[in-house]
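Me: I have a chain open here and would like to go through it with you. Can we start with the overall picture and then go into details?

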Amino acid sequence: MENMQAVNSFVAAYLKKKGFKEAEQLLEDLHSKDSAAPIDFHNDPDLAKFIHHFSQSEDEVARYQDGYSKLRSWTYSSLDLYKHELLRVLYPVFIHSFMDLVAKGHLQEARTFFNAFHEDHQLMHSRDLQKLEGVLSQSHLEEMEFARSLRQNKVNVKICQYSYDLLLQYLHKTQSSAMLGVINEHINFQATSGQPGSISDDIEVVTLIGSCQDAANQINQKEIHWGLLEDSLEERSEKEGGLLSDSEKTEGENKEGDAEESKKRSAEGGKQGSSTKKLKKDKAVNATAKSTRLEAKTTSSAPRVKPELTLPIMSTEVEQSILEDLRNRVQLSSIALPSVSFYTFLDTHNGLNCSSISHDGSLVAGGFSDSSLKVWDTAKLGQQTGGATLQGENDSTSSEHVVRPNGVKRSYTLFQGHSGPVYSATFSPLGDFILSSSADTTIRLWSTKLNANLVCYKGHNYPVWDVQFSPVGHYFASASHDRTARIWAMDRIQPLRVMAGHLSDVDCVQWHANCNYIATGSSDRTVRLWDVQSGECVRIFIGHRSMILSLAMSPDGRYMASGDEDGTIMTWDLSSGRCVTPLMGHTSCVWTLAFSCEGTLLASGSADCTVKLWDVTTSTKAPRNEEKSGNPNRLRSLKTLPTKSTPVYSLQFSRRNLLFAAGVLSKKV
């Protein structure tokens, strides 16, 4: 009897301590109802249920903490061959254990768990952890889009079959039900045969996405035609022999001159050694020219497709001008890097949001927070005495034109019409028009000849983050906070197509070289490719760990590059939907990307105040199994061009392969 009273008092004290008033009241009612009769602890189902529930809730926290701690210790003590693959499992187990504890009401214990283990994942997942750190209640799991998408969809983890077997063996041996439940409910393993993957592949193997992987795989099976347009100017120039005739002519002239020079030098007995050196050097130059021409032929080998949009008619004068540029194009390669012309904005007072450069570099535009759009004519800047100066950069091939918005005489053309900050600007291919998008939800078309606003396009419901002209002009695409991208024509005030499917903001948009597709990058960390004619999504590219800020298409239309907030650049094969290779090197946001005209080089501009040049041919052709030990990404980075203190806002290759860049001088030196 005394024992039963002790149990009753213990249970009552426990219920009071935990704040379970209803259970405490029920226990008191049962006790007062029959105070003389002892409470049968074993046969009373209600009381047994309560006690079991409370003891289970107390054990639940320990099971998560102990289970994860033991899994972590086992993983770090595994063989080095499999350790890096097994470590991939820890992060999704950690975040889902934390969210499970929050969902079950153990808020203080969840915070202790988070603080104890979050430093293990700080290096690779700092931005995700910053978001999850703000989860302080059960309602936050429903309100926060990032947490909600994680709990609704599984995480994909790629590991080899043997690592997968080792993990299952450990879970069954330890009988860790909490960890087994998390892994079974929230992780989708993609076990591969053969040896464990490389450590350098870790960027691709854990994907936390807001869309279902099965749906993405189904979409990626759709057929796409990534080739170039039939009867394009590039094709016409190649048929005429324009691109190759000049280089071959130059090579022939060099050979003739070298032959004459060698004859003269061979006649002079004392100069035969220098002649031999000269001939060897010239052979190397000729070999370089041949390899460069072979790389240039990749564009011509691309398949030809018919346009799905009605293309605008181009005047004869414009065609001749473009063909002249194509004939005089400099062929770039890994050993023939481009010259860089850098335009720096000064005294913007943190008001510059975006910049854009025309195809020939003659016009530079800036979009500002005060809702204004300003355009500078670089030819006029050179004629001014105090309006612009030239400032050398660290690399001898680059120069920096300092654009001063606040001159004594206005050195720019001011376009006013928006009622909110201007977030994006883009020149038409011929430079006679410029588009701007704004927080006021509109897109405006301006004439650089008339210096006037022509059309205001309304259709988006929220701020428009990006707008891009198509390669042929007339058509343009926009990306907005309303999670849609839209295709427009200059002569229509309503959009022609609305692309809906992203789970968060559409931050950037880019046209395919044949104008039959557009690509969109989103805050949901995916890139999508859309068919312009049908408006359907035909590819979903999954692999980024943060929001996508920039996109670029290769000139032959086969590859795409995307840059994200963490500084990672990923190159994709459009036909397969797979990542060809990640390019690591930037330490901050990649704001702009641009392929060279023959597609051999990729230029990237970042908030880390550098422009990087990457060897695309090596990056896309080198088989993964032939990569040697060490970081292979460094081998693909050809050169880093640092600015003094200027984050790079925009990059643009001219038709002659001169690289233009623009940014604003930062006061943080």
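Reply: What follows is a short walk through this predicted model.

Me: How many helices and strands does the chain have?

Reply: The chain has 19 helices and 34 strands. It runs to 669 residues, and buried residues make up 50% of them.

Me: And what share of the contacts join residues at least 24 apart?

Reply: 59%, counted among contacts between residues at least 6 apart in sequence.

Me: OK, cores. Which residues have the most contacts inside the largest nonpolar core?

Reply: Val93 and Phe98, in a core of 40 residues. Helix α4, residues 80–103, gives the most to this core, with 12 residues.

Me: What does Val93 touch, not counting residues up to four places away in sequence?

Reply: Tyr68 and Leu71 on one hand, and Met179, Val182, Ile183 and Ile187 on the other. There is also a second, separate core of 20 residues, and Tyr475, Ile487, Val506 and Ile518 are among its members.

Me: How many salt bridges does the structure hold?

Reply: It holds 9. Side chains of opposite charge can pair when their charged atoms come close. Another of the salt bridges joins the side chains of Asp325 and Arg656, at 2.8 Å from N to O.

Me: Where do Asp325 and Arg656 lie?

Reply: Asp325 is in helix α16 (residues 316–327), while Arg656 is in the loop between β33 (648–653) and β34 (659–664). The pair therefore ties together parts that are 331 residues apart in sequence.

Me: And how accessible is each of them?

Reply: Asp325 has a relative accessible area of 15%, so it is buried. Arg656 counts as partly exposed because its relative accessibility is 37%.

Me: What about Arg486 and Asp482?

Reply: Their side chains meet in a salt bridge too, at 3.5 Å from N to O. Both residues are buried.

Me: Changing topic: where does Thr520 lie?

Reply: In strand β22, residues 517–522. Thr520 is buried, with a relative accessible area of 0%.

Me: Which side chain does Thr520 join in a polar contact?

Reply: That of Trp530, at 2.8 Å. Leaving aside neighbours within four places in sequence, the residues in contact with Thr520 include Ala485, His502, Val506, Cys508, Val509 and Leu551. Thr526, Val527, Arg528 and Trp530 are also among them.

Me: Last one, the sheet with β25. What is the strand order?

Reply: The order is β25-β26-β27-β28, in an open sheet of 4 strands with antiparallel pairing. β25 (548–553) and β28 (578–583) stand at the edges with a single partner strand each, so one side of each has no neighbour in the sheet. From one strand to the next, the twist averages 25°.

Me: How many bridges are there between β26 and β27?

Reply: Strand β26 (residues 559–564) and strand β27 (residues 569–573) pair over 5 bridges, in the antiparallel sense. Ser562, for one, has Met570 in β27 as its bridge partner.

Conventions:
Residues numbered from 1 in each chain as written. Predicted model: local features only at pLDDT ≥ 70, side-chain atom pairs only at ≥ 80, totals over all residues. Heavy atoms only, no water. Pairing = 2+ DSSP bridges. Helix = DSSP H or I, 4+ residues; strand = E, 2+ residues; numbered from the N terminus. Axes fitted to C-alpha atoms, helices over the stretch in contact; angles between N-to-C directions. Core = buried A, V, L, I, M, F, W, Y, C linked by side-chain atoms within 4.5 Å. Buried < 20%, exposed > 50% of the residue type's maximum accessible area, 1.4 Å probe, protein only. Contact = heavy atoms within 4.5 Å. Salt bridge = Lys/Arg side-chain N within 4 Å of Asp/Glu carboxyl O. Polar contact = N/O pair within 3.5 Å; in protein donor to acceptor, adjacent residues only side chain to side chain.
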